[in-house]
Amino acid sequence: MKRIAAVMTVTCFAFALAPGVAQAEERVCRGTLGNRTVDNLRVPQGASCTLNGTTVQGTVKVERRARLVANDVRVIGNVQAENARRVVVRAGSRIGGSVQIVQGGSARVARSRVNGNILYDENRRALYVLRNRVGGDVQAFQNTGGVEIRRNRIDGNLQCKANSPPPVGGNNIVQGNKEDQCSQL
């Protein structure tokens, strides 16, 4: 009997210490989400989402025709948007990965910290990169609504190519190279 009790105690203790399978939950955002922590966040097609002081342990995904306004957020992963109508990241936000806005409308990343890259690729409306600290590159390729890149500290490169009209801005501190259309910014 003592032996069975000892084996059961050891077995229960081992299960308690064994790492469980972690399942990251995805939070769908429509409307406003305040000061709380979520795993991953998705703004579904056509929806609008405002984040105020929200922490995202994973990635934020913004879908087709959706809008995101993120104020003072903490995102461990990336902010990714494809075919989104509008994406705004501002007011002291911290992004652990990259901000990638592709084939969408307008976007603004302002007064924030992005540890990875900021990429604007094939967007149709006005784009802004203003007063940020960027750990990687800032890249603007094939955008047609205008791009303004001003007063950023960029640890990597500032790369712009095939934008019409050409990007405007200045007073950027770039540790790497300023290339192509952004060579004078």
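1. Pairing of strands. Two strands are said to pair if DSSP finds at least two bridges between them. In this predicted model, strand 18 (residues 133-134) and strand 21 (residues 153-154) meet that condition, since they pair in the parallel sense over two bridges. V134 has I154 of strand 21 as its bridge partner.

2. Which strands form the open sheet, and in what order? Eight strands take part, in the order 3-6-9-12-15-18-21-24, and their pairing is parallel. Strand 3 (37-38) and strand 24 (173-174) stand at the edges. Each of these two has a single partner strand, so one side of each is left without a neighbour in the sheet.

3. Overall composition. The protein chain contains one helix and 25 strands. Of its 185 residues, 43% count as buried. The chain exposes about 9,900 Å², of which carbon and sulfur atoms supply 47%. Among contacts with a separation of 6 or more, residues 24 or more positions apart account for 2%.

4. Confidence. The mean pLDDT of the protein chain is 91, and 87% of the residues reach 70 or more. Residues 1-22 require separate attention: pLDDT stays under 50 over this stretch. For residues 1-22 the model has zero contacts beyond four places in sequence.

5. The nonpolar core. In soluble globular proteins, nonpolar side chains tend to be buried together. In this model the largest nonpolar core has 42 residues. Which residues have the most contacts inside that core? They are L41 and L68. When neighbours within four places in sequence are left aside, L41 is in contact with R27, C29, L33, C49, L51, V56, T59, V60 and K61.

6. Salt bridges around R42. Side chains of opposite charge can pair when their charged atoms come close. The count for this model comes to six salt bridges. One of them joins R42 to E26, with the closest N and O atoms 3.0 Å apart. R42 lies in strand 4 (residues 40-43) and E26 in strand 1 (residues 26-28), so the pair ties together parts that are 16 residues apart in sequence. R42 is partly exposed at 21% relative accessibility, and E26 is likewise partly exposed, with a relative accessible area of 47%. The value for R42 deserves a careful reading: buried means under 20%, so a residue at 21% is counted as partly exposed. E26 and R42 also belong to a network of salt bridges that includes E63.

7. The salt bridge between R74 and D72. The side chains of these two residues meet at 3.3 Å, N to O. R74 has a relative accessible area of 31% and is partly exposed. D72 is also partly exposed, at 36% relative accessibility.

8. The salt bridge between K161 and D180. Here the N to O distance is 4.0 Å. K161 belongs to strand 22 (residues 158-161) and D180 to strand 25 (residues 178-180); the pair links distant parts of the chain, 19 residues apart. Is K161 buried or partly exposed? K161 is partly exposed, with a relative accessible area of 49%. The cut-off for an exposed residue is over 50%, so K161 at 49% remains in the partly exposed class. D180 is partly exposed as well, at 47% relative accessibility.

9. Backbone features to inspect. Most residues other than glycine have a negative phi, and most peptide bonds are trans. D180, already named for its salt bridge with K161, has a positive phi near 50° although the residue is not glycine. R131, also not a glycine, has a positive phi of about 55°. R131 is found in the loop between strand 17 (127-130) and strand 18, and is partly exposed with a relative accessible area of 40%. Finally, a cis peptide bond joins S164 and P165, with omega about 5°. P165 is found in the loop between strand 22 and strand 23 (168-170).

Definitions and conventions:
Residues numbered from 1 in each chain as written. Predicted model: local features only at pLDDT ≥ 70, side-chain atom pairs only at ≥ 80, totals over all residues. Heavy atoms only, no water. Helix = DSSP H or I, 4+ residues; strand = E, 2+ residues; numbered from the N terminus. Buried < 20%, exposed > 50% of the residue type's maximum accessible area, 1.4 Å probe, protein only. Contact = heavy atoms within 4.5 Å. Areas by Shrake-Rupley, 256 points an atom, 1.4 Å probe, with all protein chains shown as cover. pLDDT = per-residue confidence, 0-100. Core = buried A, V, L, I, M, F, W, Y, C linked by side-chain atoms within 4.5 Å.
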